[in-house]
Amino acid sequence: MSHEHVNFPVFGQVDYFKQQQPQQPQYNPHLGGKQKTLDPIVTGTSVIAIKYDKGVVMGSDMLLSYGSLARFNSTERMKKFGGFTIVGASGEYSDFQSITNTLDDLVTDDHCLDDGSKLSPEEIWNYLARVLYNQRNRGNPLWNTLVVMGYQGGKSFLGKVDLVGTCFKDDIITTGYGSHIALPLLRKARDENPNMNLEQAKQLIQDCLRVLFYRDARSSKKIQISVAGEEGIEISGPIELDTFHWNSGEAAVKSFSQV
């Protein structure tokens, strides 16, 4: 009986099971580089929202971080779609831009039908859940968590969709670091005042975003607040939060003459 000579090279350099290794894909300049968002680069942090007695209020800061660098300081992360819906996003901003283009096309097609029916916030929420779930199944997820809110026909709506298509509706929605810091504050305030009005809800959102500015290293004190209620939908301009002084105590030396 003949015995084959067996070598023991470094593991990984030889096919021990005598199967051909898959060839490495060749670079194609026409594809324009990597096509999948598996590593989010430019990201936004928390979006928080709560229902009040006659609608919904949502808030987010305006910072986009390039990794850990606070890179873009005045970027809107909430967009209007149609006459009844606002969508806020945390996560990869380029993916949110792609979602924005998709929803703009959807709203345009709905307008062109001219059948007297307009897309409701819940319909847009359901559509987004299907889109994100489909992208996840393709192995190319849209790296966002979306908050969908709106007001139509006397009813307010608030829902959430994450990057794998998981979706639910609630009276309080938070994303990102806000799910750890802001959510308990929002729940406590709602338990104490279940029928809060618009001004109280807006003040609550600002207070929570101020706490997130203190605690979340990826957030900013420049924020936006959006409202969906009886008077329609509206996204505010940039708001600069009032923050407390960071002095730890009276200075030991008040002037050079005391040195």
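Close-up 1. N144 is buried, with a relative accessible area of 2%, where buried stands for under 20% relative accessible area, exposed for over 50% and partly exposed for values in between (1.4 Å probe, protein chains only). The model is a predicted one, in which local features need pLDDT of at least 70 and side-chain atom pairs count only at pLDDT 80 or more, whereas totals for chains, interfaces and linings use all residues. Residues are numbered from 1 along each chain as its sequence is written, and side-chain values use heavy atoms, with hydrogens and water left out. N144 belongs to strand β8 (residues 144-152); strands (E, at least two residues) and helices (H or I, at least four) are DSSP runs numbered from the N terminus. Beyond its neighbours within four places in sequence, N144 is in contact (heavy atoms within 4.5 Å) with residues including A89, D95, F96, L132 and L163. The side chain of N144 also reaches the backbone nitrogen of F96 at 3.3 Å.

**Close-up 2. S179 and its partner T174.** S179 lies in helix α3 (residues 178-192) and, at 26% relative accessibility, counts as partly exposed. When neighbours within four places in sequence are left aside, S179 is in contact with K160 and T174. The side chains of S179 and T174 are joined by a polar contact of 3.2 Å, the term denoting a pair of N or O atoms within 3.5 Å of which, within protein, one must be able to donate a hydrogen and the other to accept it, residues adjacent in sequence counting only if both atoms are side-chain atoms. S46 is 133 residues from S179 in sequence, yet their C-alpha atoms are 8.0 Å apart.

**Close-up 3. The largest pocket.** A pocket is an open set of points on a 1 Å grid over the protein atoms alone, with protein on both sides within 12 Å along at least five of seven lines, and its lining residues have an atom within 4 Å of a point. The largest pocket has a volume of about 300 Å³, and of the 16 residues that line it, Y52, L198, V227, E231 and E234 are the closest to its centre. Elements α4 (198-215), β12 (222-229) and β13 (232-235) each supply at least two lining residues, with β13 giving the most, 4 residues.

**Close-up 4. The largest cavity.** A cavity is a set of grid points where a 1.4 Å probe fits but cannot get out. The largest cavity has a volume of about 30 Å³, and its lining is formed by D61, L209, L212, S219, S220 and I223.

Technical notes:
Points joined across faces, edges and corners; volume = space filled by probe spheres on them.
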